[in-house]
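Let's take a walk through this one together. Have a look at the sequence and the structure first.

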Amino acid sequence: MSDVKHVVLGVTGGIAAYKAADLTSKLTQLGIVVHVVMTEAATKLVTPRTFQTLSRQPVTTSLWEVQDWRPEHVELGQLADLMVIAPCTANMMGKIAHGIADDALSTCVLANRAPLMLAPAMNPAMWQNPAVQDNAELLRKRNIKLIGPAEGHVACGPGGTGRMVEVAELVNEICKVLDINTGE
């Protein structure tokens, strides 16, 4: 059995998607194989080529553009030692909470059997919305780990709680789940 760990990294269409590129790079440097699945909105912020280059793996952006006969979303769900969605928008949180699978990432989440970790990132008013808070509570009850959101400056204006946690914190949490010693 191989000691190589596989992380499926979901990237959604929040402005913090640029942090996911750094996360991909840092995880790859630790010897973790990173398989990136992007929403269509995420591809408007960071290109799939960026993640392909950093991960040295194909990037999934669609259910309909698969390389061979295998259903990629099911295969990734079986391969993963951990699934992480960073950033995780309010939209994706709602999809996961209510079992909606209408794109490559949300479908992959439903096929996933590994632990699931979310790094919420959104406008502070969105984070405080009762619907989003209800979804967050439902996800926690299902043993889905939410890392953040953090308090501070957000791209859309005044600060508050809603920004994605720093990449170093995510790397630390991922390594704990995967039982990887980073030497720190």
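A word on ground rules. This is a predicted model, so local features are only reported at pLDDT of at least 70 and side-chain atom pairs at pLDDT 80 or more, while totals for chains, interfaces and linings use all residues. Residues are numbered from 1 along each chain as its sequence is written, and side-chain values use heavy atoms, with hydrogens and water left out.

**The core**

In soluble globular proteins, nonpolar side chains tend to be buried together. A nonpolar core here is a set of buried Ala, Val, Leu, Ile, Met, Phe, Trp, Tyr and Cys residues joined through side-chain atoms within 4.5 Å. "Buried" means under 20% relative accessible area, "exposed" means over 50%, and "partly exposed" is in between (1.4 Å probe, protein chains only).

The largest such core has 32 residues, and Leu9, Val11, Leu23, Phe51 and Ile174 have the most contacts inside it. Which elements each supply at least two residues of this core? They are strands S1 (6-11), S2 (33-38), S3 (82-88) and S4 (116-120), together with helices H1 (17-29) and H9 (167-178). H9 gives the largest share, six residues. Helices (H or I, at least four residues) and strands (E, at least two) are DSSP runs, numbered from the N terminus.

There is also a second, separate core of 26 residues, with Val8, Met83, Cys108 and Ala136 among its members.

Back to leucine 9 for a moment. Counting contact as heavy atoms within 4.5 Å, and leaving aside neighbours within four places in sequence, leucine 9 touches Ala20, Leu23, Thr24, Val34, His35, Val36, Val37, Val84 and Ala86.

**Strands S6 and S7**

Two strands count as paired if DSSP finds at least two bridges between them. Strand S6 (residues 150-154) and strand S7 (residues 157-163) pair in the antiparallel sense, over four bridges. Together S6 and S7 form a hairpin with two residues between them. Glycine 152 stands opposite glycine 160 in S7.

Strand S5 (residues 145-146) holds lysine 145, which is partly exposed at 38% relative accessible area. Lysine 145 and leucine 116 are 29 residues apart in sequence, yet their C-alpha atoms are 6.5 Å apart in space. Leaving aside neighbours within four places in sequence, lysine 145 is in contact with Leu116, Met117, Leu118 and Glu173.

**Cysteines without partners**

How many disulfides does the structure hold? It holds zero, where a disulfide is a pair of cysteine sulfur atoms within 2.5 Å. For cysteine 88, the nearest cysteine sulfur is that of cysteine 108, 13 Å away. Both residues are tucked inside: cysteine 88 is buried with a relative accessible area of 0%, and cysteine 108 is buried at 1%.

A cis peptide bond joins alanine 86 and proline 87, with omega about 0°; proline 87 sits in strand S3. Another cis bond joins glycine 148 and proline 149, with omega about 10°, and proline 149 is in the loop between S5 and S6.

Asparagine 143 has a positive phi, near 65°, though it is not a glycine. This asparagine 143 lies in the loop between helix H8 (130-141) and S5 and is exposed at 71%. Aspartate 179 also has a positive phi, about 60°; aspartate 179 lies in the segment after H9 and is exposed at 72%.

**Salt bridges**

A salt bridge here is a side-chain nitrogen of Lys or Arg within 4 Å of a carboxyl oxygen of Asp or Glu. The structure holds eight of them, including these:

| Glutamate 166 | Lysine 19 | 3.6 Å |

Glutamate 166 is partly exposed at 44%, whereas lysine 19 is buried at 6%.

Aspartate 22 and lysine 26 are four residues apart in helix H1, which means they are separated by about one helical turn.
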